[in-house]
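I want to go through the chain contacts and the ligand sites here and jot down what turns up.

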Amino acid sequence: MFYNKDGKTVLLRIVKAVQDNKDYLSEVDGLIGDGDHGMNMNKGFTLFADSIAGKDVSFTKGLDELGNLLFSKIGGSMGPIYGTVFMQMAETGEGYDAIGTLELAAMLRSGLLALYDIVEARPGDKTLVDTLAPACDAMDKDAEEKMNLVAALERMKTAAASGWESTKDMEARFGRSSRLGERSRGVYDAGATSCKIILKAMADGILEVAR
Amino acid sequence: MFYNKDGKTVLLRIVKAVQDNKDYLSEVDGLIGDGDHGMNMNKGFTLFADSIAGKDVSFTKGLDELGNLLFSKIGGSMGPIYGTVFMQMAETGEGYDAIGTLELAAMLRSGLLALYDIVEARPGDKTLVDTLAPACDAMDKDAEEKMNLVAALERMKTAAASGWESTKDMEARFGRSSRLGERSRGVYDAGATSCKIILKAMADGILEVAR
Amino acid sequence: MQRILNDPDNVVDEMLKGFVKVHSDIVAPTDNPRVIKRAVIPAGKVGVATGGGSGHKPAFIGYIGENLCDAAAVGEICTSPTAAAFLDAFKAADQGKGVACLYGNYSGDNMNVKMAIKMAKKEGLEVKTVVANDDVASAPKDQAEKRRGVAGEVLMWKAGGAKAAAGGSLDEVIAAAQKAIDHTRSVGIGLTPCTLPAVGHPNFEIKPGTMEVGIGHHGEPGIEVCPLESAAKMAERMVNVVLPDYPFVSGDEVVVLVSGLGATPVMELYVLYDEIEKLISGKGIKIHRAYVGNYFTSLEMMGATLTVMKLDDELKKLVDMPCYSMGIKQN
Amino acid sequence: MQRILNDPDNVVDEMLKGFVKVHSDIVAPTDNPRVIKRAVIPAGKVGVATGGGSGHKPAFIGYIGENLCDAAAVGEICTSPTAAAFLDAFKAADQGKGVACLYGNYSGDNMNVKMAIKMAKKEGLEVKTVVANDDVASAPKDQAEKRRGVAGEVLMWKAGGAKAAAGGSLDEVIAAAQKAIDHTRSVGIGLTPCTLPAVGHPNFEIKPGTMEVGIGHHGEPGIEVCPLESAAKMAERMVNVVLPDYPFVSGDEVVVLVSGLGATPVMELYVLYDEIEKLISGKGIKIHRAYVGNYFTSLEMMGATLTVMKLDDELKKLVDMPCYSMGIKQN
Ligand SMILES: Nc1ncnc2c1ncn2[C@@H]1O[C@H](COP(=O)(O)OP(=O)(O)O)[C@@H](O)[C@H]1O
Ligand SMILES: Nc1ncnc2c1ncn2[C@@H]1O[C@H](COP(=O)(O)OP(=O)(O)O)[C@@H](O)[C@H]1O
Ligand SMILES: [Mg+2]
Ligand SMILES: [Mg+2]
Ligand SMILES: [Mg+2]
Ligand SMILES: [Mg+2]
C-alpha cells in the first residue's frame, strides 16, 4: 500500500511520462487520427504540473485537480475522457489514507464506469478503453485474491500493455479514426497508447512510494 | 501596290501568325509579365477570323472589324492598344482603292499617333512601340523616297525586327513588367514581339497580293 | 507553412481578441475567454448557444448575432470546446427561458455538451440540444445518427435563431432547429488538405489531380477518391449524393447553400453554383434562396460543400427573417 | 491545379451567371454580358460605376448595391474590362445626373476607361473619374500618381457610393471619392503565389519560408522579399510602411481594413488585426471602425493587405452609412 498523502511524486511521474512521449503520441495519432494527441495530452498535463508546483497535494487531490484541468482547459475528446476518469478516481479515493490493491482497484473501476457513462466505446472498439478495461480487470482479480500492491501493479502493467497491443489489429469504431474503417487496422490507437503510458507511470510511481 | 479589296488574305495571314505563335508569346510574357499575352492575342484574332469567315472583306474593312473586336471583346491592354492602331489604320485607309508605300505609311503612322494618344509609352520604354515606331519611320522614309512597296515592305520588316531586338536590353517602364525595374532587362517585351510577328505577317501577306 | 501566426498554440486566443475588437457592435467577450456572446441579448427570449472547434470561420462565433445565436463556446483548432466553456456559453445565452444548444455531431462535442448539460442542470438551468447530422457521406442512411454536422449547421442556426427571436418557447426553438436539420442534407468535395498551425504539415493527403468526395471538415476521409473533375461533373456528383438521400423531389422548395472550404476562390463557388442550380432546377425543384460563399470552412482547405434544405411554410419564414452577424447578414 | 472549373476560358462568364442567380435581390444582368448593375437604381442619383479584372472577389461586382456602386464592368481574370464594357457600365449606372467612375490605377483599366469616356461623351453622357492609388509599395511617394489601387478601393466605393446615395452632385461624389482615396494608404504581404485558371501554374514564385512585402494584387513584385515572420512582425512591417507615408499621426481617427488575399484562413486575419490594432492604438491613433475579412482578393493567393484611411467629419459620415452588397453589408 502507499499513503494517499505521498502521491504527488506518482502524479509528477505521470506528467513526465506524458511529456517525454509527446512526439510519439502525436506520431501514433498522425497515422489514423489528426496527429495532435501528444500535443493535447502534453498541454493538459503540463498545465497540471504548473498548477501543483510548490504545493503539497495528495494523490487523490492531485487526480481531482488534473481531471478538472483537463476538463476545463483541454476540451476535445481527451478533456472529458481523462477528465472523467481522473475526477471519478479522485472522488472514489478521497476518503482513503492508505491505498492498497483493493482501494486502487475500486478507484480505477469507478473511473472506467464513469467513462462508460459518457462514451459508447467498449473493449474491442480500438480506443483507450482497450487499455483501461483489462487493467481494471486485472486489479479487480488481484483484489479478490488479496494480492499485495507491488505484485498487483506489475500484473496491471502487463494487462494494460497487452490491452494496448491488442488495439493494433482492431478496426476503429469511435473517434476520428473510425471514419477510416478497415483502413484503421495495423496501427495502435493513440488514446490506448497514452493510457498505457499513464498506467505504467502510475504503477512505477506507486512502486517507488509503496511500503 | 495592292488593291484594298484583295486584303483579306493579308489579314488571314496575320491571324495565322498570331495563332501559330500563341505559346511563344505567352512564354515571352511569362518571363517578366503574367504569361497571358499569347492567350489574349490568340483569343482576339481567332474571334476575328471567325467573324470574317465566308465574308468578303477589304483590307481596311477587315482592319476596322479586327480593331473593333479587340476593342469590344478583349479588354486588358491589348484591346485598346491594338484596337486603336487597327481602327485608326482602317479609318485612314478606308478611302484608298489601291494601297502603295505612301498609303501604307500614312496608315501605319496614323495608327501609331492614335496609340500615342492613349499610352504614354514612347520608343525606349520596352513596349510594342519599340517595334511599331521604327517600322513607321522606315515606311515614312521610303514613302518620301517614293520607293516601291515590295522593297519598302522588306525594309519595314527589318526595321520592326531590329526594333523588337532592341527591347531586350531595355528596362520596362510601362505595363506589368515595369514593376520589375532593372530585373526586366535581358528578355524581349511581349507586345513588341507580337507586333513584330504581326508586321512581318502583314508585309508577307501584302507581298503575296502586291502587283 | 505560409501562414500568419505568432505562437501556434495561442492562435485561438489571439484570433478571439481580434474578433471582439472588430465586431464590438455584434459580440462581446465574457469572463470565460473561450466564450463569446452577443453584445446585447434581448431580454426574455430563449437563449441559443453553440460551439465547436476553431478553424471553421465564420463558424462558430461568426453566427452570433441578431436573430441567430446568442453565445458560442470556442475550442482549440479542430478540437471540441471544454465542457466548462459550453456551460459558460449556456449561462451567457440564458435569459431565463432556457437554452437551445445547437451543435454538430462530433464525439468530443457530444461528450463535452453532455457534461455541460449535467452541470447546468445542477445549477437549475434548462438546456436542450439539437445535434446536426447533415453530412450524407459520413454514414449510411440507416445510421443517420452517426452522421457528422457540416455546413447544414448554418441553416439550423438560422432557423433556431429566428424561432427564438420570434418569441418561440424552448421546445419550439428546439423543434424548429431539429426540423431544419432533419430537412437538410450536405456533402463536401475536398481538393487540397489543410494544415493545423501547431502541427505544421498537412495530416492527410489529397493527391493533386484527385479529389475526395464526401470529405469532412477536418479532413475525415470521404466515400470516394476520384480523378479531379470539371465543375459541372463535381456539381452532378454532389447533387446525386444529396438529393436522393432526403429525397428532394420535383415540386419541393429548397434553400441551397454552397460553401467554400477556405482557399477555393469565391469566383469558382459561383461557377459551381451555376451548375448546381441547373441540375436542381432541372429536376423541378424550386430554389427559394441560395447562399454562396465561405460559410463553413476548414482552414485553408480547397474544395466546397453543397447543402440543400427542404422548406415548409415555417422554415421558409424562419430562413427569410433578416439577421446580422459576421458570417451572415440578411435584410 | 486543384480548382473548381469547367473550361478555364469561360470561368468569368460562368461565374457571372452564378452570381446574378444568387444575388438577384441586389444585382441584375444587363444586355452586355460583361456588365452587372444594381437590381434597382434609385432615380435621380449620380451613377457610380466601377470595373476591373476578375479574380478579386468580392471586388468588383460584389460592391454593387445599396449606397455603394450602381454598375460594374467585368474583365477576364486579372485583365481590364473592354472599353465597351466600361461604356455600358456607365450607361447602366446613369440616372441622368452623370456618372462617377471609381476604379484602380492599372494601365489596361486606364486605357479602357479613357476610351469609354470618349465614347460616352459622344453620346452626351458625362463621366468623371477617380483613380485609386493607395498602394504605398507600388511607387515612391513623389510618384504617387503611378501607385496601384488595391483594397483602398473598397473605402473609395464606400465613400463615393454613400455620397451619391445622399444626393451629392457628380462633382461632390467625385470629390468625396477622391478625398477618400487621398486619405488612404495600403500595403500587402504575399505568402504564396496564385494560378490563373487558363495558365494552370503560378506565374510568379514566393519561396516557402519567405514573404513578399508590398506585393500587388496580381503578384506584382513588392519592395522586399524577406524570411517569413510572425504575425506581430508582419503587422509591424505593414504599419511601418503605411502610417509614415500619409502620415497618420497621434490624434487621427482612422478606418482600418485588413483583407485576406484569398486563401489565408480568416482566423489568421483576426490574429493579424489584433497586432495591427495594438500598434496603431499605441501611437495614439483612434480606430473608428475596422473591416477584417476577404474584401479584395487575388484568387487563391495567401497573405493579407492593410489599408488605413484618415477620417474627417464627412468621411466618417460616409463610411458609417449603412450599405448592402455581396461584399459588404453594414447596418
Ligand atoms: N468517442 C470516443 N470514445 C472513446 N474514445 C475516444 C472517442 N473519441 C476519441 N477517443 C480516444 O481519443 C483518442 C484521440 O485523442 P486526441 O487525438 O487527443 O483527440 P482528437 O481525436 O479529438 O484529435 C483516440 O485514439 C481514442 O482512444
Ligand atoms: N501602358 C502601356 N503602354 C504601352 N504598352 C503597354 C502598356 N501596358 C502594356 N503594354 C504592352 O502590352 C504587353 C503585354 O500585353 P498582355 O500580356 O496581353 O497584357 P497584360 O499585361 O495586361 O497581361 C507588354 O509587353 C507591352 O508591350
Ligand atoms: Mg487527435
Ligand atoms: Mg500579360
Ligand atoms: Mg484533434
Ligand atoms: Mg494579363
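Which residue of chain A forms a salt bridge with Glu76(C)? I looked it up: Lys43(A) is the partner, and the closest N and O atoms are 3.4 Å apart. For my own record, a salt bridge here is a side-chain nitrogen of Lys or Arg within 4 Å of a carboxyl oxygen of Asp or Glu.

Ground rules before going on. This is a predicted model, where local features need pLDDT of at least 70 and side-chain atom pairs count only at pLDDT 80 or more, while totals for chains, interfaces and linings use all residues. Residues are numbered from 1 along each chain as its sequence is written, chains are lettered from A and ligands numbered from 1 in the order in which they are written, and side-chain values use heavy atoms, with hydrogens and water left out.

**Entry 1: chain C against chain A**

I counted the salt bridges across this interface and the rule finds two. I also looked for polar contacts (N or O pairs within 3.5 Å; within protein, one atom must be able to donate a hydrogen and the other to accept it, and residues adjacent in sequence count only if both atoms are side-chain atoms). The rule finds three residue pairs in polar contact across the interface of chain C and chain A, both residues being at pLDDT 80 or more.

Next I asked which elements (DSSP runs numbered from the N terminus: helices are H or I with at least four residues, strands are E with at least two) are involved. On the side of chain C that touches chain A, helix H2 (83–93) and helix H3 (107–122) of chain C each supply at least two residues. H3(C) gives the most, with eight residues. I sorted that side by class too, and got twelve nonpolar, nine polar and seven charged residues. The classes are Ala, Val, Leu, Ile, Met, Phe, Trp, Tyr, Cys and Pro as nonpolar, Asp, Glu, Lys and Arg as charged, and the others, Gly among them, as polar.

In contact terms (heavy atoms within 4.5 Å), chain C puts in 28 residues and chain A 24 residues. The buried area (accessible area, 1.4 Å probe, that two parts lose on being put together, summed over both) is about 2000 Å² for chain C and chain A, and carbon and sulfur atoms give 56% of it. I noted that Met111(C), Met115(C) and Pro221(C) supply 26% of what chain C buries against chain A, more than any other three residues.

**Entry 2: chain D against chain C**

Here I get 61 residues from chain D and 61 residues from chain C in the contact. The two chains bury about 4700 Å² between them, with 62% of it on carbon and sulfur atoms. Gln2(D), Ile4(D) and Met267(D) supply 20% of the area that chain D buries against chain C, more than any other three residues.

The rule finds six salt bridges across this one. I checked Asp274(C), which forms a salt bridge with Lys21(D), the closest N and O atoms being 2.5 Å apart. Polar contacts come to 26 residue pairs between chain D and chain C. Among the elements giving two or more residues to this side of chain D are helix H1 (11–22), strand S8 (184–192) and helix H7 (266–282). H7(D) has the largest share, eleven residues. By class, I have 31 nonpolar, 15 polar and 15 charged residues on that side of chain D.

**Entry 3: ligand 1**

Why do I call this site shared between chains? Because residues from chains A and C surround ligand 1. I count 19 residues around ligand 1, the closest being Asp34(A), Asp36(A), His37(A), Met78(A) and Asp189(A); near means a heavy atom within 4 Å.

I then went through oxygen atoms of ligand 1. One is 2.8 Å from a side-chain N or O atom of Asp36(A), and an oxygen atom is 2.9 Å from a side-chain N or O atom of Asn40(A). For Gly191(A), a backbone N or O atom lies 2.9 Å from an oxygen atom of ligand 1. The protein covers 95% of the 560 Å² of accessible area that ligand 1 has on its own (Shrake-Rupley method, 1.4 Å probe).

**Entry 4: ligand 2**

Ligand 2 lies between chains B and D. I looked up side-chain N or O atoms next to its oxygen atoms: 2.8 Å for Asp36(B) and 2.7 Å for His37(B). I filed the shell by class as seven nonpolar, seven polar and five charged residues.
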